[in-house]
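Reader: I have not looked at this structure before, and I would like to go through it slowly with you. Could you start with the terms we will need?

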Amino acid sequence: MAADPDSHGKAATLARRRRLLSPHLCGGTGGREATRCPSSSFRPFQKLEGVGEACDGWTLPSGLQTWLSTFFACLHSSSCRLFFPEDPIKIVRGQGQYMYDEQGAEYIDCINNVAHVGHCHPLVVQAAHEQNQVLNTNSRYLHDNIVDFAQRLSETLPEKLCVFYFLNSGSEANDLALRLARQYTGHWDVVVLDHAYHGHLSSLIDISPYKFRDLDGQKEWVHVAPLPDTYRGLYREDHPNPAEAYASEVKRVVSSAQEQGRQIAAFFAESLPSVGGQIIPPAGYFPAVAEHIRKAGGVFVADEIQVGFGRVGKHFWAFQLQGEDFVPDIVTMGKSIGNGHPVACVATTQAVARAFEATGVEYFNTVSEGSREH
Ligand SMILES: Cc1ncc(COP(=O)(O)O)c(C=O)c1O
């Protein structure tokens, strides 16, 4: 569906698009390793001094070389990768489930996973427009909207999760969850599932095996338990009790950490590990894990940033697939919550919030909102 570069009138547009997007091309993925340059050669907001040098040792297709050699302004870091880097799409408009490029070509959006109720949903656009005309401020004033929103969220959650903090991104939410857990438990360490991703902040790269394995490696305070994958994992569907077996693996990881003198603050998991491969944990796994973690003095953090807000089907929250009785200590939300706008949330219990307040250090967020109890 990409625009045809040879057809009349389109070539100039494509060239313009490439001029605008071209820094990404040296950071391309999609298995086309031959077109990739070492990303360290590119610096955001810096002039690129000689493409040949930057791409030293790599073979570029001749067409790519031609326009790369004429291009020298590098305005966007190549660490920010584009879809289809060999011929990136320039999307100028979205509506419902469709996206449109500058030529008017229509794409069904199956991959931009945040526009939960569709791109530019009229109600979302109208609400944002109306609010923009009235007020945009920080959290140091009373306002009905934030309390109403917390109230509506609380109606979807178990009663115990009744304190809400609003933030700007999923990463911020998980970072705050980490702080809450540490403050509440007085412990430092975290148990995570293999292949997990919990965000791009330094604190979250540290608890994301999907990232840290390519970087500094595993920190001494991070402990990795196997993904409860009954399709390809350690214990499969033919196991008599995969939930217990995988939960015992968490117990084993906790015990081994404790033997080294470590203390567990939290177990972090996506309620349905999506980054790890859309894994549906066997029923009963989370309650059993929570028991082991709480016995070790830690809390259970359910990352619903990717899978929350009804995305798993009949349940609003993916952790509810584990039974109506299961209640995490902290739930983090993002992505769909704002239909692509920078909103995120942490929901937790009174006990955890009280411990956080006890530090005396305020929680303040310029763009989003502070905590509100309903
Ligand atoms: C499971 C999960 N947690 C956290 C995050 C971080 O969210 P954000 O990109 O809004 O910071 C992501 C983002 O992809 C995610 O998939």
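Author: Let me begin with burial: a residue is called buried when its relative accessible area is under 20%, exposed when it is over 50%, and partly exposed in between. Please keep in mind throughout that this is a predicted model.

Reader: Thanks, so is F356 buried or exposed by that rule?

Author: F356 has a relative accessibility of 6%, which is under the 20% limit, and therefore it counts as buried.

Reader: And what is the ring of F356 paired with?

Author: F356 pairs with Y165: the ring centres are 6.0 Å apart and the planes stand at 85°, and because an angle over 60 degrees counts as edge-to-face, that is the name for this pair. Y165 is buried as well, with a relative accessibility of 2%.

Reader: Where do Y165 and F356 lie along the chain?

Author: Y165 belongs to strand 6, residues 163–167, while F356 belongs to helix 11, residues 350–357, so the pair ties together parts that are 191 residues apart in sequence.

Reader: How many aromatic pairs are there by this rule?

Author: The count comes to 15 aromatic pairs. One of them joins F316 and W317, whose ring centres are 5.0 Å apart and whose planes are at 85°, so this pair is edge-to-face. W317 is buried at 0% relative accessibility, whereas F316 is partly exposed at 33%.

Reader: Which residues do ring pairs link into a cluster?

Author: The cluster consists of F267, Y285, F286, F300, F319 and F326, which are linked by ring pairs.

Reader: Which residues make the contact?

Author: Helix 6 contributes L176, R179, L180, Q183 and Y184, and helix 11 contributes A351, V352, A355 and F356. Sorted by class, this contact of helix 6 with helix 11 has 7 nonpolar, 1 polar and 1 charged residues.

Reader: Now the loops: where is Q97, and what is it in contact with?

Author: Q97 sits in the loop between strand 3 (91–95) and strand 4 (98–101), and it is partly exposed with a relative accessible area of 46%. If its neighbours within four places in sequence are left aside, Q97 is in contact with Y107, I108 and D109. Q97 and D109 are 12 residues apart in sequence, and their C-alpha atoms are 5.6 Å apart in space.

Reader: One last thing, what is the phi of F309?

Author: The phi of F309 is near 65°, a positive value in a residue other than glycine. Most residues other than glycine have a negative phi. F309 lies in the loop between strand 10 (299–303) and strand 11 (330–333), and it is buried with a relative accessible area of 12%. N339 also has a positive phi, of about 50°, although it is not a glycine, and its place is in the loop between strand 11 and strand 12 (344–348). At 13% relative accessibility, N339 counts as buried.

Definitions and conventions
Residues numbered from 1 in each chain as written. Predicted model: local features only at pLDDT ≥ 70, side-chain atom pairs only at ≥ 80, totals over all residues. Heavy atoms only, no water. Phe/Tyr/Trp six-rings, centres within 6.5 Å; stacked < 30°, edge-to-face > 60°. Helix = DSSP H or I, 4+ residues; strand = E, 2+ residues; numbered from the N terminus. Buried < 20%, exposed > 50% of the residue type's maximum accessible area, 1.4 Å probe, protein only. Contact = heavy atoms within 4.5 Å. Nonpolar A, V, L, I, M, F, W, Y, C, P; charged D, E, K, R; others polar.
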